[in-house]
Structure formats: C-alpha cells, structure tokens
Amino acid sequence: MLESVTSKGVDFIRRQHRAFKVNIVRNLVSKFSIGLTQQYQSIYVSALGAGAMELGYVSSVGGVASTLLTVPVGWLADRYGIRKMLITGLSVMLLSFLAFGLAQSWQMGGLAMGLFTMGFSFSMVVCPMICGNTLRNEERVTGMQLCDTVTALPRLVAPIVAAYLITSFGGMNAGGIRPLFWISAACMLVALIIVYLYLPNPIEPSRKGGSILQGFSGVFREGTMVTRWLVYTMISTVPMYLAFYIPYYAKEIKGADPYVIGLMDSAYWASSVFLALPVGILADRYGRKKMVALLTPFYCLALVLLVVAPSDLVLILAGLLNGFFMLGAITQAAIGLELVPREMLGSWNGLNSLSRGVVNIVAPIIGGLLWASLGPEYVFYFLIATQVVKLGILWTIPSSVTRG
C-alpha cells in the first residue's frame with residue numbers, strides 16, 4: 001500500500017509544472033534551515049536578556065515591519081514575477097540568520113526575529129501563488145498537502161540534529177544555540193541559489209493594470225465574501241503568531257531540555273508527513289470545511305495537554321497534535337484561493353498578508369499581557385477561544401467542493 005501511495009505521489013509531481021517541482025526542492029532545503037532554529041528563537045532571545053513581555057513586544061514590532069513590507073508582495077509578484085519576490089523573501093531570511101548569529105543583546109536578537117518574520121511572511125504570500133497558478137482546482141488541496149508532506153521530511157530530522165548540536169556546543173544558552181544560525185544561513189543560501197538558477201515564473205508577469213489599491217478594489221468587487229474571509233484569516237492565524245510561546249513555555253514552566261523541545265517539533269512535522277496527503281485527498285473529495293472542522297479540535301487538545309502535561313512524553317504528544325493546526329491551515333488556504341479570479345491572486349494574497357500582519361502586531365502583545373497578568377496557561381486558553389470562533393465563521397463561507 002505504501003508503495004502504491006508513493007508511486008501515485010511521484011506520478012502526481014511528475015506531471016506538474018516545473019515551478020511546482022522546483023519549489024518542492026527549494027522547500028526541502030529551506031525547511032531544514034528553518035527547522036534547525038525556529039523552535040529555539042524565543043529561547044535564544046530570552047537567553048540574551050528578554051522576558052515574556054519583551055518577547056511579545058519584539059514579535060509585535062516585527063509584525064509592524066512585516067505588514068508594511070509584505071502587503072504589496074502579491075501585487076508586485078503579479079507585475080514583476082513570483083520568482084523575484086521569492087528570491088527577495090529568501091534573502092531576507094538569510095539576513096535574519098546572519099543577524100541572529102551576530103546578536104549580542106536581546107534587542108539585536110529581536111531585530112533578527114523581525115527579519116525572520118518578514119522573510120517568512122514573503123514566502124507565505126508567494127508560495128501559495130505557485131500552487132494557485134499551477135494546480136487544477138479539483139486537486140489543489142491534494143497537491144498542496146503532497147508538497148507539505150514531502151517538504152516536512154527535513155523538519156522531522158532538523159530538530160533532533162539541532163538538539164544534538166546544542167548539547168555539543170554547551171547547552172540551551174546563547175553560546176550553545178548561536179552556531180545553529182550560521183548553519184541555517186548556509187542552508188538558506190543554497191535554497192536561494194536553487195530558486196535563482198532553476199525556478200521559472202509559473203505565470204508571466206504583467207505590468208499592465210492599475211495601482212495596488214485598484215488591485216485590492218478589484219478583489220472586493222469580483223471576489224466572494226472577501227471581507228468575511230479576511231476576518232476569518234485574522235482569527236484563524238492567531239496561533240501562528242503566538243507559537244513562539246510554546247517552546248518557551250515548555251522550557252520555562254515544564255523544564256523541557258533541548259531533546260524534548262526538538263522531539264516536540266519533530267512530532268509536529270510528523271503529522272504533516274503521515275497525514276497531509278490523506279487529509280488533502282479527503283478534503284478534495286468530501287469537503288474542505290468539514291476537514292478543517294475535524295482537525296481543529298485536535299489542535300485545541302494539544303494546547304490543553306501542553307498546560308496539564310505531567311511528563312516529557314505528554315509534551316511530545318502535544319507537539320504531535322499541534323501539527324493538526326498546519327494540516328487545517330493548508331486545507332483552508334485552498335478555500336481562500338478559490339474566492340477570487342485567478343488573475344487576482346497576487347492582490348488577494350496581499351490583502352490576506354495585511355490581515356495576518358494586523359494579527360502579528362496585536363496577538364503577541366495580548367499574549368505577553370496574558371502571560372504576565374493572568375498566567376502563562378491563559379495564552380493557550382486564548383488560542384482555544386480563537387479556534388472556536390474561527391469554526392463559526394468558516395461555516396458561513398462557501399467552498400467549491402459540495403460532495404459529501
């Protein structure tokens with residue numbers, strides 16, 4: 001059976017546009033680079049002197065910069081090419097790893113976190129545009145989940161490699177974590193070279209048309225339930241911008257060591273490796289909204305387990321279930337791609353980036369206040385509340401899949 005699934009996956013990838021295939025290779029390298037350090041960023045900055053409130057403020061300031069710079073990315077990708085925007089995003093992430101490596105204060109570490117957020121946000125806008133322009137509607141979730149399955153493999157390995165290296169370099173402190181950022185920078189440089197040499201534009205850029213505001217106006221005029229989807233995006237993506245509190249909580253409150261934190265992240269990505277393709281197929285066949293509604297309670301359970309965890313094993317289980325958030329996020333992204341005409345995907349992704357940017361500014365401040373005033377666990381209770389509201393809004397938004 002595994003051989004059959006693998007064969008079907010290879011056949012699916014083989015018949016896709018070259019841009020889709022090169023993007024998978026790029027993702028393999030860049031996700032290993034990110035996987036080495038992402039779960040340790042908040043711990044590293046705290047080791048440089050930041051507390052929970054400072055982490056929240058740092059993330060919020062990074063959100064401001066990210067919002068201002070990434071809102072026009074989709075529009076620019078339509079006019080100047082997806083390839084150029086992806087190169088820009090990878091370059092910013094490369095700079096962020098270099099800044100982390102050079103940081104000697106939590107303020108410098110905060111700047112590096114902000115650069116990373118900007119680069120990551122660039123990718124979040126541009127990467128779905130590749131899928132949106134190369135995959136057919138009826139197999140889009142399958143293709144997106146297949147890409148996620150394949151490219152999650154490095155993130156299974158990277159956290160364990162990182163835990164071993166941190167232990168070898170001196171433990172979970174600034175000196176022990178710092179060398180990983182130099183390794184991540186080297187890997188990101190390789191990803192950048194792959195895109196520069198081999199990635200074609202999946203759709204020819206057009207410099208015709210109006211300004212970015214006219215593009216946004218067109219989305220509201222011709223799209224379906226655009227305002228409601230933007231509100232949904234804001235609420236549903238709150239967990240993305242408070243995720244840095246999870247490893248910080250595991251270390252500070254639960255006493256997790258580098259290997260436990262590494263295994264939590266590996267378990268998170270194991271969900272994608274083993275479940276992404278089945279989830280994509282079922283979502284395309286029976287309905288995307290149903291699949292998001294099925295996955296969300298598992299993510300909420302992960303947050304509960306994180307709070308009550310009596311042992312390292314439960315923390316790792318929480319990490320595994322936490323991965324269900326990503327499965328749901330990819331599925332719901334396919335719904336969003338179908339709410340506007342294909343030629344407006346750049347402006348549409350820019351609007352979604354603006355919505356996420358607002359959350360990136362506000363959510364970390366809320367998280368820091370909750371941590372400091374009510375207690376660390378209230379950050380995760382707040383996340384559960386956002387997911388309940390999310391499901392209520394989602395059920396009022398149409399999906400192209402009506403079977404089942």
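Tutor: Start with a definition: helices (H or I, at least four residues) and strands (E, at least two) are DSSP runs, numbered from the N terminus. Tyr40, for instance, is found in the loop between H2 and helix H3 (41-47).

Student: What kind of model is this?

Tutor: This is a predicted model; local features need pLDDT of at least 70, side-chain atom pairs count only at pLDDT 80 or more, and totals for chains, interfaces and linings use all residues. Residues are numbered from 1 along each chain as its sequence is written, and side-chain values use heavy atoms, with hydrogens and water left out.

Student: Is Tyr40 buried or exposed?

Tutor: Buried means under 20% relative accessible area, exposed over 50%, and partly exposed in between (1.4 Å probe, protein chains only). Tyr40 has 0% relative accessibility, so Tyr40 counts as buried.

Student: Which residues does Tyr40 touch?

Tutor: Contact means heavy atoms within 4.5 Å. Leaving out residues up to four places away in sequence, Tyr40 touches Pro159, Ala162, Ala163, Ile166, Met172, Ile177, Pro258, Ile261 and Gly262.

Student: Where is Tyr57, and is Tyr57 buried or partly exposed?

Tutor: Tyr57 lies in helix H4 (residues 52-70). Tyr57 is partly exposed, at a relative accessible area of 42%. Now compare sequence with space. Tyr57 and Ala363 are 306 residues apart in sequence, and their C-alpha atoms are 9.9 Å apart.

Student: How do I read the packing of H2 and H7?

Tutor: Helix H2 (residues 18-37) and helix H7 (residues 106-134) pack at about 155°, with axes 11 Å apart. Angles under 35 degrees count as roughly parallel, over 145 as roughly antiparallel, 65 to 115 as roughly perpendicular and the rest as oblique. H2 and H7 are therefore roughly antiparallel.

Student: Which way does H2 pass H7?

Tutor: A crossing is left-handed if the near helix is turned anticlockwise from the far one by less than a right angle, and right-handed if clockwise. H2 passes H7 in a left-handed crossing.

Student: What classes of residue make up the contact of H2 with H7?

Tutor: Ala, Val, Leu, Ile, Met, Phe, Trp, Tyr, Cys and Pro count as nonpolar, Asp, Glu, Lys and Arg as charged, and the others, Gly among them, as polar. On the H2 side, the residues include Phe20, Arg26 and Ile34; on the H7 side, they include Phe116, Cys127 and Thr134. This contact has 8 nonpolar, 4 polar and 1 charged residues.

Student: How do H5 and H7 cross?

Tutor: The axes of helix H5 (residues 73-80) and H7 come within 9 Å and cross at roughly 45°. H5 and H7 are therefore oblique to each other. Their crossing is right-handed. Val73, Gly74, Ala77 and Asp78 of H5 make the contact with Phe122, Val125, Val126 and Met129 of H7. The contact divides into 6 nonpolar, 1 polar and 1 charged.

Student: How many residues of H13 are buried?

Tutor: H13 is mostly covered, with 6 of its 8 residues buried. Among them are Tyr245, Pro247 and Ala250.

Student: How many disulfides does the structure hold?

Tutor: A disulfide is a covalent bond between the sulfur atoms of two cysteines. The cut-off here is a pair of cysteine sulfur atoms within 2.5 Å. The structure holds 0 disulfides. Take Cys187: the closest cysteine sulfur, in Cys127, is 18 Å from its own, too far for a bond. Cys127 is buried, with a relative accessible area of 17%. Cys187 also counts as buried, at 17% relative accessibility.

Terms used: Axes fitted to C-alpha atoms, helices over the stretch in contact; angles between N-to-C directions.
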